[in-house]
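Work through the exercises below with the sequence and the 3D structure at hand. Try each task before you read its solution.

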Amino acid sequence: MEQNRKIRVGITHGDINGVGYEVLLKALGDIRIAELCTPVIYGSAKIANFYRKGIELPDFRLFQIDSPDKAADEQINLINVVPEDCKVEPGQATQTAGQAALAALERATADLRDGLIDVLVTAPINKQTIHSEAFNFPGHTEYLQKRLGEGREAMMIMCGGNLRVALVTIHDSIATVAAGITAKSVSDKLAAFNRSLTEDFGIHGPRIAVLALNPHAGDAGVIGSEETEIIAPAIAEANKRKILAFGPYPADGFFGSGAYTKFDGILAMYHDQGLIPFKLLAAENGVNFTAGLPYVRTSPDHGTAYDIAGQGKADEQSMREAIYTAIDIYRNRRREAEATANPLRKQNFDKGSDRLPAERG
């Protein structure tokens, strides 16, 4: 990125029948966003105007461009990625909406990979309607790992304020979760989480709490053996690598007692174990961050919300926080890269002897 230009934030419109347009237009209606960065929406000017007029959103000009390198500062830029006759049906799950979501995602990821935008923020999608030969994934995280990972493994981190929750398994069914909890998977996720907390969030020497898989942390093997045979050894191995990991803690008591406030990050074993308490605690400030990849991607921590789509009821705070978080992480990565680019070379010096020379007669 040229040093003198603002960070370009690409924003996909997500499912056009959900609350995506409402939350992104409300968030971008705050003039501070365009002062902080250069937003580039991947979507449709026609659909944006449909929602803006339908729910009486503040009027502001969308600067239409055909490439992010033509984006104007102090403007809300938009690249049209769907046909003019794309049908909008608020609150309905349609294949047209899924195709429109995929079109935005495909173009945005290509531009991110080519360096035309600096970070990516994605509005919510419907995983059923977007599913196709081009999108045969459980969610955004797995898709982005395939398209942008460059051989690296993606990690879902939910963040809001001082609360950061990462997952060992992501979109796995409960029936298959236990099989995904291995000494290697826990160890790898601890290392990746520790690295992300340092490079992406600027926390050096982060304290990471690790949750148990079973109730009561297995009760010393009475309920389950994963804690003693898999999770605890993985924590011990992480400690040997100077990762400050602790646990495993029973999830209910850990959150119920407020122990989560004493840690910089929390590693949960599966999706709902981590996300239910996170969404209750972070509320509208929650953000989904895809860690572990060479590129920065965030999203609001809510879904399409078909039940309130097109009614003007959606809260834009999570979308706003997703934009802010993407910018913060991008800047943190640059600072960390600059700070570690030229480490001092270790040098050995001959310290000589501390014995005094013998006196001459």
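**Exercise 1.** Decide whether leucine 281 is buried, partly exposed or exposed.

Solution. Leucine 281 has a relative accessible area of 40%, and the classes are set as buried under 20%, exposed over 50% and partly exposed in between, with a 1.4 Å probe and protein chains only. Leucine 281 is therefore partly exposed. Leucine 281 lies in helix α10 (residues 271–282), where helices are DSSP runs of H or I with at least four residues and strands are runs of E with at least two, numbered from the N terminus.

Before going on, note that this is a predicted model, in which local features need pLDDT of at least 70 and side-chain atom pairs count only at pLDDT 80 or more, while totals for chains, interfaces and linings use all residues. Residues are numbered from 1 along each chain as its sequence is written, and side-chain values use heavy atoms, with hydrogens and water left out.

**Exercise 2.** Describe how strand β11 (residues 287–291) is placed, and explain why it counts as largely enclosed.

Solution. Begin with burial: five of the five residues of β11 are buried, so the strand is largely enclosed by the rest of the structure. Next, look at the directions of the residues, since in a regular strand the side chains alternate between the two faces of the sheet. Val287, Phe289 and Ala291 point one way from β11, whereas Asn288 and Thr290 point the other way.

Then turn to the partners of the strand, where two strands pair if DSSP finds at least two bridges between them. Strand β6 (residues 155–160) runs antiparallel to β11 and is joined to it by five bridges, with methionine 156 standing opposite threonine 290. Strand β12 (residues 296–300) is also antiparallel to β11, through four bridges, and proline 300 in β12 is the bridge partner of valine 287. Finally, in the hairpin of β11 and β12, four residues lie between the strands, and glycine 292 takes a positive phi near 90°.

**Exercise 3.** Which residues have the most contacts inside the largest nonpolar core?

Solution. A nonpolar core is a set of buried Ala, Val, Leu, Ile, Met, Phe, Trp, Tyr and Cys residues joined through side-chain atoms within 4.5 Å. The largest one has 96 residues, and those with the most contacts inside it are Val9, Leu28, Ile181, Leu190, Leu267 and Ile323. Helix α4 (residues 95–113) gives the most to this core, with eight residues. A second, separate core of 19 residues includes Leu163, Leu167, Ile170 and Leu275.
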